[in-house]
Amino acid sequence: MSSLATVKDTVTTAGTAELETDILVIGWGKGGKTLATTLGSQGRKVTLVERDAGMVGGTCINVACVPTKALVHRADAVRPGDDPDAAVASAWDFRDALTSKLRDANRAMLEDLDAVTLVQGEARFTGERTVEVRPAEAADGDDDGERLTIRARHVVVNTGTTPLRPEMPGVDLPGVHDSETLQLQMDRSRAPRRAVVVGSGPVGLELASMLAGFGAEVTVLVRGEQILPDESDAVRDSLVEALQDRGVHLATGASATGFAEADGGLRVDLEEGEPIAADIVVLATGRASTAQALHPAAAGIELDEKGFIAVDEHLRTSAPDVWAVGDVNGGPQQTYISLDDHRIVTGQLGGDGAYSRADRVAVPTTVFTTPPLGSVGMTAEQAREAGHEVKVASKPVAKIAAMPRPKIEEDAHGVIEVVVDAATDLVLGARLHCVEAQELVNLVALAMRADVTASALRDGIWTHPSATEALNEVLGELS
Ligand SMILES: Cc1cc2nc3c(=O)[nH]c(=O)nc-3n(C[C@H](O)[C@H](O)[C@H](O)COP(=O)(O)OP(=O)(O)OC[C@H]3O[C@@H](n4cnc5c(N)ncnc54)[C@H](O)[C@@H]3O)c2cc1C
Ligand SMILES: NC(=O)c1ccc[n+]([C@@H]2O[C@H](COP(=O)([O-])OP(=O)(O)OC[C@H]3O[C@@H](n4cnc5c(N)ncnc54)[C@H](O)[C@@H]3O)[C@@H](O)[C@H]2O)c1
């Protein structure tokens with residue numbers, strides 16, 4: 001069976017079926033699908049179970065990284081005078097077409113491998129390295145439906161996370177979205193004019209910046225006193241200014257207590273202060289583990305205090321020959337971390353098994369606001385606390401004469417800050433708030449991993465006009 005079979009397709013007339021496999025991957029996330037492709041290509045018998053046909057390829061391509069960045073891209077293309085309703089309708093259509101193509105490509109990639117069996121249904125453990133798979137809609141409460149039992153020599157759990165919707169009055173009203181329903185269920189016939197985003201993590205800031213690009217007045221409810229509490233004042237101020245100039249209001253010290261229908265829209269009630277009127281609300285309040293629903297105790301798999309699967313540096317769970325990769329193991333929630341998790345487990349299943357999480361150095365991140373904020377390594381304060389004597393090169397993007405790229409792209413917001421070890425001249429960290437930061441941060445991260453000095457980056461021969469050439473001038477400040 002090489003095509004995605006429903007549980008029904010796999011069962012016998014008795015309504016049940018059994019399957020033995022070498023490697024069972026639960027969930028079609030980034031790490032699991034890559035591992036299935038790698039080991040399936042080598043002829044290992046792999047079975048991959050995915051709950052939802054609409055999630056073939058996982059969260060990233062269907063409802064997270066890729067489609068939200070497609071919307072950010074479209075929002076950035078809106079020009080004064082454009083019809084926001086038409087722009088939103090077209091952007092959401094573009095997003096749907098893109099995810100559909102990516103799902104097809106992801107499905108084809110594994111369907112083409114004879115050693116890989118794909119099953120659609122919800123898996124839960126019934127014993128050691130044994131799961132029962134049932135149609136997702138029947139998984140709760142229906143004990144009589146079709147089911148497939150899979151026994152495996154090795155199991156890799158890759159079931160990800162789901163949006164965390166805080167329990168409060170009105171949270172299920174139409175128009176109160178999370179990052180997934182915003183994409184899949186928002187009324188796309190009319191661009192939202194007023195949006196309230198609850199939460200100021202990466203999801204909140206990216207979606208706020210995107211909605212403002214489509215012309216909405218956006219209020220972000222920031223629970224603490226400021227966004228990015230660990231960042232330097234210069235970086236925080238820079239991001240705040242870029243967001244404000246785009247039409248995003250940051251309400252600090254603000255927590256929502258509930259939502260109600262009012263005046264043809266929504267009313268957002270706050271712990272303190274006046275309610276806010278909105279057309280839509282976006283909950284960006286974090287993501288919850290999917291581990292509990294797997295009945296992990298039946299397989300001897302322990303969870304941590306937050307409900308994620310507890311793993312060691314090699315991503316081994318408490319159950320022998322069971323690993324957990326991606327968001328569900330409680331590590332950083334990024335697609336490229338899930339991809340790197342796959343390298344660790346592939347090493348365990350077919351390599352020397354040496355590579356572990358402890359080998360990760362200088363892992364970059366990017367928040368895709370406009371312009372984006374790329375970060376890697378330590379801030380100056382963190383570096384000082386770690387005992388380094390530091391030099392800090394910091395310059396607002398608008399004042400970097402040697403980098404015309406932001407002017408070309410019509411967005412000179414931002415700041416570039418690089419933290420350098422005064423004794424060794426090695427880069428300890430960087431914050432890059434500027435156009436193309438999602439690319440530039442990878443270069444700085446590589447330099448950090450390869451012990452390239454700040455002076456070498458300063459004297460580098462970089463293409464022009466690029467964002468990279470900012471390094472010539474900003475690091476020149478340290479000379
Ligand atoms: C709005 C948003 C934007 C983001 N943007 C970025 C970004 O720009 N860059 C970045 O690196 N990260 C981004 N992330 C984070 C990124 O999406 C996740 O870290 C990543 O998708 C996690 O992948 P994963 O491998 O853990 O599994 P997932 O891709 O989450 O896959 C898990 C799969 O398991 C399935 N499943 C769950 N339970 C079961 C079960 N019992 N049986 C069978 N199947 C099951 C699910 O249906 C799902 O398909 C973003 C997240 C959000 C919410
Ligand atoms: N570009 C990227 O790499 C990228 C983009 C988006 C998301 N992600 C990942 O996805 C994960 C989820 O992101 P996120 O932003 O949803 O979560 P988060 O945990 O980073 O932020 C959630 C925010 O919501 C606030 N919050 C929680 N409950 C609240 C309430 N009741 N009222 C007001 N505020 C409340 C929290 O204080 C916090 O600031 C993150 O771990 C992130 O790494 C990555």
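Why is strand β6 (residues 130-134) largely enclosed by the rest of the structure? Four of the five residues of β6 are buried, so the strand is largely enclosed, where buried denotes 20 or more other C-beta atoms, placed from the backbone, within 10 Å of a residue's own. The model is a predicted one, in which local features need pLDDT of at least 70 and side-chain atom pairs count only at pLDDT 80 or more, while totals for chains, interfaces and linings use all residues. Residues are numbered from 1 along each chain as its sequence is written, and chains are lettered from A and ligands numbered from 1 in the order in which they are written.

On one side of the pairing pattern, strand β5 (residues 122-127) runs antiparallel to β6 and is joined to it by five bridges, with E122 opposite R134; strands (DSSP runs of E, at least two residues, numbered from the N terminus) count as paired if DSSP finds at least two bridges between them. Two residues separate β5 from β6 in a hairpin, and R129 in the turn has a positive phi of about 50 degrees. Strand β7 (residues 147-157) also pairs with β6 in the antiparallel sense, over four bridges, and there T149 stands opposite E132.

Turning to ligand 2, 23 residues surround it, the closest being G199, G201, V203, G286 and Q333. Both α7 (202-213) and β19 (365-367) supply at least two residues of this shell, and the largest share, four residues, comes from α7. Because domain 2 (176-285) and domain 3 (365-475) both give residues to the shell, ligand 2 lies between them, the domain bounds coming from an automatic or database domain assignment.

Conventions:
Near = placed C-beta within 6 Å. Buried ≥ 20, exposed ≤ 12 C-beta atoms within 10 Å, placed from the backbone.
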